[in-house]
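Here is a short tour of one protein chain, meant to be read with the sequence and the 3D view side by side. Have a look at both before reading on.

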Amino acid sequence: MQLVEPLSDRELNRVYTPILSPLVWDLGHIANFEELWLVQTVGQRQPLNGHLGRLYDAIENPRRTRGELPILRGDDLRAYLEDVRERTFEVLDEVDVEGTEDALLSDGFVYEMLIAHEHQHNETMLQLIQMLDGYEPVDVDPAPDGEPISEGPEMVWVEGGEVEIGAPQAGFAYDNERPRHTLELAPFLIDRTPVTNAAYASYVEETGADPPMYWEPDGQGWWVRTAMGRRQELDPGRPVIHVSWHEADAFARWAGKRLPSEQEWEAAARGADRERANLDQLAFGCARAGAYGDAACDSGAVQLLGDAWEWTSSDFLPYPGFRPFPYREYSQAFFGDTYKVLRGGSWATRRNVIRTSFRNWDLPERRQIFAGIRCARDG
Ligand SMILES: [Fe+2]
């Protein structure tokens, strides 16, 4: 609610782009999804408003159609958000999440899932907010505690061999992160820090490639960043963000490298600490490349978590022995060669959402997401 606090109903309802929902749809969908799982499924209650479920079904309603739907708006929406949350707490008082055989309830899985769902939509909403001229955040921490800035080699060596990939059996994770399995990786090198704006600007200058989203020439040979309608000088030392998979891949080749596979990324991220990372939406931008120098991964690389999602070379595919849970549409409907995997989260990702096994996926042409680059090379 803090994210939408500065916005008028007109801005909440407005469709800015066919690739993102109007914010009003996200808000209603967050509550409706909570009602579906925590009030109706767990609490065995009747729906508050019978037809809403169809309007807020993400598969049935592609993003480009959502602005036209007869969804809840204004005070009706605010009342519904409150009603659902109240009922959720009523149901929570009745349930026993310990000692249950029900996989949905056991250890509170479905509650963790709903918190994660809401938090993931917060990031989607921030994608749209980047397009809002004059948006003023309620709360900003523009200089996240990213000190010290580390020095080191351009790339770090990862031994490879037998590595374990995926989430362990215990604790919350999505179906696509399981089962945990072992595989053989050849040794490789990976960039110690994310690719910077300076490096990407050199690539753009040398090749004539398009600049990332939200870059405009400043008229003096450098660039300004234009997200949220501002014109701020681009900081050469921060990670590049808002590039597509195609752009990330082309950059990596230009640099004489390649994108890492998602398994390589996960091996390089062992030991990453999400408490020492630029996450949780308050920075409204990336920390400098090399930040959190005292929180390097076992590989010596920094900032695997937070700042910018990192494109990998991998298609979004099921792990061997995958089983859909709790519903087929979460992951399985997206498996195949259409989507590319991103890892690590961004400044716009809520802290509890991210872990080194977390797999995000998107279309290779997408740039409105908070995605950047880290390159690899055969060892
Ligand atoms: Fe959703």
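Let's begin with Cys375, which is buried, with a relative accessible area of 1%. This is a predicted model, and Cys375 takes part in no disulfide in it: the nearest cysteine sulfur belongs to Cys286 and is 15 Å away.

Cys286 is buried too, at a relative accessible area of 9%. Cys286 is likewise in no disulfide, and its nearest cysteine sulfur, that of Cys375, is 15 Å away. A disulfide is a covalent bond between the sulfur atoms of two cysteines. The cut-off for calling one here is a pair of cysteine sulfur atoms within 2.5 Å. The structure as a whole holds zero disulfides.

## The chain as a whole

Stepping back, the protein chain has eight helices and 12 strands. Its C-alpha atoms fill a box of roughly 60 × 50 × 35 Å along the principal axes. How does the radius of gyration fit the chain length? For 379 residues, a compact globule would come out near 21 Å, and the protein chain has 21 Å, so the two agree.

Of the 379 residues in the protein chain, 54% are buried. Taking contacts between residues at least 6 apart in sequence, 77% of them join residues at least 24 apart.

## Helix α2

Helix α2 covers residues 23-42, which makes 20 residues. If you follow the helix axis, look for a kink of about 30° in α2, centred on Glu35.

Is α2 mostly covered or mostly open? It is mostly covered, with 17 of its 20 residues buried. After α2 comes Gln44, a residue with a positive phi, near 55°.

## A three-stranded sheet

Now turn to the open sheet made by three strands in the order β5-β6-β7, where the pairing is antiparallel. The edge positions go to β5 (215-217) and β7 (232-233); each has a single partner strand, so one side of each is left without a neighbour in the sheet. Strands of a sheet pair through backbone hydrogen bonds, either parallel or antiparallel.

Strand β6 consists of residues 223-225 and pairs with β7 over two bridges, in the antiparallel sense.

How values were computed:
Residues are numbered from 1 along each chain as its sequence is written. This is a predicted model: local features need pLDDT of at least 70, side-chain atom pairs count only at pLDDT 80 or more; totals for chains, interfaces and linings use all residues. Side-chain values use heavy atoms; hydrogens and water are left out. Helices (H or I, at least four residues) and strands (E, at least two) are DSSP runs, numbered from the N terminus. The expected span of a helix is 1.5 Å times one less than its number of residues. The bend at a residue is the angle between axes fitted to the seven residues ending there and the seven starting there. Buried means under 20% relative accessible area, exposed over 50%, partly exposed in between (1.4 Å probe, protein chains only). Two strands pair if DSSP finds at least two bridges between them. The radius of gyration is taken over C-alpha atoms; the globule rule is 2.2 Å times the number of residues to the power 0.38. Contact means heavy atoms within 4.5 Å.
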